[in-house]
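Q: Can we go through the helix packing and the cores in this one? I'd like quick answers.

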Amino acid sequence: MSATQILLLVAIYFVVLILISYFTGKEDSNEAFFKANKSAPWYLVAFGMIGASLSGVTFISVPGMIGGQQFAYMQGVFGFFVGYIFILTILLPLYYKLNVTSIYEYLEQRFGTVSYKTGAFFFLLSRVTGASFRLFLVALAMQYIVFERIGVPFWITVVISILLIWLYTNRGGIKTIIWTDTIQTLAMLTAVLVAIFLINDRLDWSLSEALTSEVFAKKSKIFFFDDVNSTTYFWKYFIGGIFIAIAMTGLDQDMMQKNLTCRNNRESQKNMFAMASLLVLVNFIFLSLGALLFIYAEKFGLEIPVIDGRTRTDLLFPEIAMNQGLGNALAVTFIIGLIAAAYSSADSALTSLTTSFSVDFLNIHDKPKETQKPLRKKVHVAVSLLLIIVVIIFNYLEGNVVSNLFKFATFTYGPLLGLFAFGILTKHQIKDKYAWLVALLSIVISFAITVLPENIIGSYQFHWEILPLNGLITFIGLILIRRKQH
């Protein structure tokens with residue numbers, strides 16, 4: 001596709017989102033921006049959250065996992081499902097009972113101001129780093145695909161990307177996100193299904209023939225119990241998946257803000273169960289696409305893309321979609337799907353960061369009524385500028401540094417897991433002023449454990465199980481600073 005065609009696609013896509021914003025953002029109030037007036041249909045939220053749970057990275061990397069671990073990722077997905085059940089039975093009723101705008105308000109009511117600010121701070125750190133990392137990767141891809149050809153520098157690509165997000169989230173906030181996420185999820189799934197159909201057609205298979213073929217079976221092993229040291233070991237993936245879901249969905253303002261837009265706890269629980277069920281199916285479809293991509297590559301002698309001397313299986317999907325002559329339908333849906341996957345996580349991150357900073361640090365609800373909306377708009381602009389700065393900084397760092405920053409940011413969910421677990425599972429109070437220190441030490445200790453030399457941990461490879469370990473370290477630290485009961 002030409003640069004002009006790609007730019008036209010991007011323009012049409014964002015025109016649609018801005019139109020949605022126009023109709024959903026007519027009520028430009030903080031209540032609509034933060035909670036969508038608690039009027040969002042649960043089924044719409046559930047479908048849209050599929051896109052928000054994925055990202056531009058997931059869109060291309062999950063199919064690429066097949067090359068190294070077949071369908072092992074499904075073990076983690078089954079863990080996600082169990083984690084979501086915990087969220088809908090324990091956390092959602094708690095949030096609705098307390099009627100919170102930011103979920104970290106629970107920590108203030110349970111422990112005190114320092115714990116509250118600590119939880120909110122680590123969310124902000126995680127989301128700024130995570131959202132910037134994902135935006136960086138997508139902006140880099142767009143720069144490579146189109147903007148480099150027309151002489152646009154990278155920093156302008158970044159500014160344009162975030163400006164477009166700001167335009168359609170500025171008024172409606174989460175109320176707009178509920179609808180745009182639905183469109184973006186639909187775009188993503190359409191791209192995957194079109195790819196599956198066209199690749200099967202080129203392989204001269206029906207869908208049932210593909211799924212039951214011997215070559216597909218060789219690439220679709222799900223359960224791995226043989227090597228406890230491997231990252232694909234079942235219990236690592238499954239247990240890690242449970243805690244990933246609890247921490248990165250149930251304790252994440254970005255994801256929970258969508259749940260809190262439902263009319264009541266019951267509808268929010270329906271939303272969560274529907275989303276959990278759909279996510280299992282969607283991930284299986286992504287992995288099935290991955291198997292077909294590798295089968296296609298092997299049959300037609302296609303080399304896996306290599307960048308900087310490294311084989312990049314996550315680039316196999318874009319390579320086949322854009323360069324293998326499977327038709328404009330696949331190229332078009334792939335680009336729209338990639339943009340949708342990227343921006344469905346970035347736009348909700350911008351909204352949730354605005355919400356968290358306004359509520360958790362500026363105490364916006366305590367400000368004079370007439371200043372609340374202008375303050376929220378200023379925060380929205382400031383967060384947008386912050387994301388621009390961080391993404392541009394990423395471009396000047398070495399690839400390994402950026403990846404490690406993103407990896408380190410995922411550790412910040414451990415303290416949230418420990419704080420909420422201690423609050424829910426015990427009746428103890430803590431010496432609140434030390435909560436930040438416990439959280440910081442738990443991250444440092446957890447990160448240090450993952451980089452222990454082989455002469456200490458042997459060939460053991462850490463995977464998602466580091467998250468519950470991080471949470472456990474925080475939990476133990478909170479026991480050490482608990483107040484004595486009289």
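Q: At what angle do the axes of H1 and H9 cross, and how close do they come?
A: This is a predicted model. In it, the axes of H1 (residues 3-24) and H9 cross at roughly 25° and come within 8 Å.

Q: Parallel or antiparallel, then?
A: H1 is roughly parallel to H9, because angles under 35 degrees count that way.

Q: Which residues make that contact?
A: From H1, Phe14, Leu17, Ile18 and Ser21. From H9, Leu164, Leu167 and Tyr168. By class, the contact of H1 with H9 has six nonpolar, one polar and no charged residues.

Q: What does Phe14 touch, leaving out residues up to four places away in sequence?
A: Phe14 touches Leu164, Tyr168, Ile339 and Tyr343.

Q: How many residues are in the largest nonpolar core?
A: The largest nonpolar core has 147 residues. Phe14 is among those with the most contacts inside it, along with Phe59, Tyr84, Tyr95, Ile199, Met272 and Phe317.

Q: Which helix gives the most to this core?
A: Helix H15, residues 265-299. H15 gives 16 residues.

Q: And what lies apart from it?
A: Another core, of five residues. Among them are Phe411, Ala439, Ile443 and Ile466.

Q: Back to H9. At what angle does it pack with H18?
A: H9 (residues 154-169) and H18 (residues 369-395) pack at an angle of about 155°. Their axes are 10 Å apart. The angle makes H9 roughly antiparallel to H18.

Q: Is that crossing left-handed or right-handed?
A: The crossing of H9 and H18 is right-handed.

Q: Which residues of H9 and H18 make the contact?
A: H9 puts in Phe154, Trp155, Val158, Val159, Ile162, Trp166 and Thr169. H18 puts in His380, Val381, Ser384, Leu387, Ile388, Val391, Ile392 and Asn395. The residues of this contact divide into 11 nonpolar, four polar and no charged.

Q: New pair. How do H21 and H23 cross?
A: The axes of H21 and H23 (residues 466-480) cross at roughly 140° and come within 9 Å. That makes H21 oblique to H23, because roughly antiparallel needs an angle over 145. The crossing of H21 and H23 is right-handed.

Q: What does each helix bring to the contact?
A: H21 brings Val438, Ser442, Ile443, Ile445, Ser446, Ile449 and Thr450. H23 brings Ile466, Leu469, Asn470, Ile473, Thr474, Gly477 and Leu478. The residues of the contact of H21 with H23 divide into eight nonpolar, six polar and no charged.

Q: Where is Thr426?
A: Thr426 is in the loop between H20 (413-425) and H21 (435-450).

Q: Buried or exposed?
A: Thr426 is buried, with a relative accessible area of 17%; the cut-off for buried is under 20%. Not counting residues up to four places away in sequence, Thr426 touches Arg110, Ala421 and Phe475.

Q: What about Thr118, buried or exposed?
A: Thr118 is buried, with a relative accessible area of 6%. Thr118 lies in H8, residues 113-147. Leaving aside neighbours within four places in sequence, Thr118 is in contact with Ala435, Trp436 and Ala439. Ala439 is one of the residues in the five-residue core.

Q: Last one. Which residues of H16 are buried?
A: In H16 (residues 316-323), Leu316, Phe317, Pro318, Ile320 and Ala321 are buried. H16 is followed by Gly325, with a positive phi near 65°.

Technical notes. Residues are numbered from 1 along each chain as its sequence is written. This is a predicted model: local features need pLDDT of at least 70, side-chain atom pairs count only at pLDDT 80 or more; totals for chains, interfaces and linings use all residues. Side-chain values use heavy atoms; hydrogens and water are left out. A nonpolar core is a set of buried Ala, Val, Leu, Ile, Met, Phe, Trp, Tyr and Cys residues joined through side-chain atoms within 4.5 Å. Buried means under 20% relative accessible area, exposed over 50%, partly exposed in between (1.4 Å probe, protein chains only). Helices (H or I, at least four residues) and strands (E, at least two) are DSSP runs, numbered from the N terminus. Contact means heavy atoms within 4.5 Å. Axes are lines fitted to C-alpha atoms, for helices over the stretch in contact, and angles run from 0 to 180 degrees between N-to-C directions. Angles under 35 degrees count as roughly parallel, over 145 as roughly antiparallel, 65 to 115 as roughly perpendicular and the rest as oblique. A crossing is left-handed if the near helix is turned anticlockwise from the far one by less than a right angle, and right-handed if clockwise. Ala, Val, Leu, Ile, Met, Phe, Trp, Tyr, Cys and Pro count as nonpolar, Asp, Glu, Lys and Arg as charged, and the others, Gly among them, as polar.
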